[in-house]
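Dear colleague,

Here is the structure I said I would pass on. My notes follow it.

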Amino acid sequence: MSRVLFQIGPVTIYWYSFLILIAVIIGYQIVVSYSKKISYKTNEIMDMVLYLVIFSIIGARAYYVIFNFSLYQDDLLSIFMIWKGGLAIYGGIIAAILYILYYCKKKGLDFIRVLDIYSLSLLLGQAIGRWGNFFNGEAYGGKTTLEALQSLHLPRFIIDGMYIDGFYRQPTFLYESIWCLIGVFFLIRIRKRYTNQVGRQVSFYLIWYGIGRFFIEGLRSDSLYLGIFRVSQLVSVVMVVIGFALLFRIKHQGKVKNTIIGGEDGRI
């Protein structure tokens, strides 16, 4: 599978870079549209996007390089060649959250509300971005057989792309992309139903993506390790715990409000 989308003279456009750009453009439109819909400081949200993208890419690359430094120690300049792949989504998420926290404190924005606004774009962006891993021959699973892949009724180009290093591989990139797309469907419904319930969307994102990534990561053969543990599985567990804690807080606050309004039994 070729990593190159097209080439014009000395300029080469890679699928990986192209798909990241598409994800950013679509995500930006969703963020701006939603912030306008809920009348939440659209100008500040728009001003944040450019720096957020930059810091996310830096964080994603730094995370990947830290846990794969042996690949770069003999050629440090290759660290900056991100168009060849090697971005870890969790590094990007961590960097993005830190920047959002800084920006919200600086501008006096509701941190959790802003995370809600970005959650749908992030999940959709991950669904799109995983196809960049496909074209780069990354994020694949353990060895499997041609018959097993054919039994999944996959398009031929995916099956051919999963023939890596002399073996057919599990298309874990596809599993995660589909998982994220299903999550997008549910998150859209949550967004419509719980627009005014701050934290509901980001809690769903943390729980949904964390659970899916935990199990899918267990199928991968190119995981990053910290000792005997897969780093992404550890981070996934933390995400799920935070997501449920936030969800519990939301429900608890709702009960408190009902008690204040209607007395001990919640009736008016």
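How do the residues of the lining of the second largest pocket divide into nonpolar, polar and charged? There are 12 nonpolar, seven polar and nine charged residues in that lining. Please keep in mind that this is a predicted model.

The second largest pocket holds about 450 Å³ of space. It is lined by 28 residues, and those closest to its centre are Tyr 64, Gly 85, Gly 86, Leu 87 and Glu 138. At least two lining residues come from each of α2, α3, α4 and α8, with α2 giving the most, three residues.

The largest pocket has a volume of about 1,100 Å³. Its lining consists of 44 residues, with Ser 56, Ile 89, Gly 92, Ile 93 and Leu 122 closest to the centre. Two or more residues each are given by α1 (15-37), α2 (42-67), α3 (89-107), α4 (111-136), α8 and α9 (231-262). The largest share, 12 residues, is from α4. By class, this lining has 33 nonpolar, nine polar and two charged residues.

I also looked at one residue, Arg 220. It sits in the loop between α8 (200-217) and β6 (225-226). Is Arg 220 buried or exposed? Its relative accessible area is 12%, so Arg 220 counts as buried, the cut-off being under 20%. The side chain of Arg 220 makes a polar contact of 2.9 Å with that of Asp 222. Beyond its neighbours within four places in sequence, Arg 220 is in contact with Arg 130, Ala 139, Tyr 140, Gly 141, Thr 172, Arg 213 and Arg 230.

Regards

Terms used
Residues numbered from 1 in each chain as written. Predicted model: local features only at pLDDT ≥ 70, side-chain atom pairs only at ≥ 80, totals over all residues. Heavy atoms only, no water. Helix = DSSP H or I, 4+ residues; strand = E, 2+ residues; numbered from the N terminus. Buried < 20%, exposed > 50% of the residue type's maximum accessible area, 1.4 Å probe, protein only. Polar contact = N/O pair within 3.5 Å; in protein donor to acceptor, adjacent residues only side chain to side chain. Contact = heavy atoms within 4.5 Å. 1 Å grid on protein atoms, 1.4 Å probe; cavity = no way out; pocket = protein on both sides within 12 Å on 5 of 7 lines; lining within 4 Å. Points joined across faces, edges and corners; volume = space filled by probe spheres on them. Nonpolar A, V, L, I, M, F, W, Y, C, P; charged D, E, K, R; others polar.
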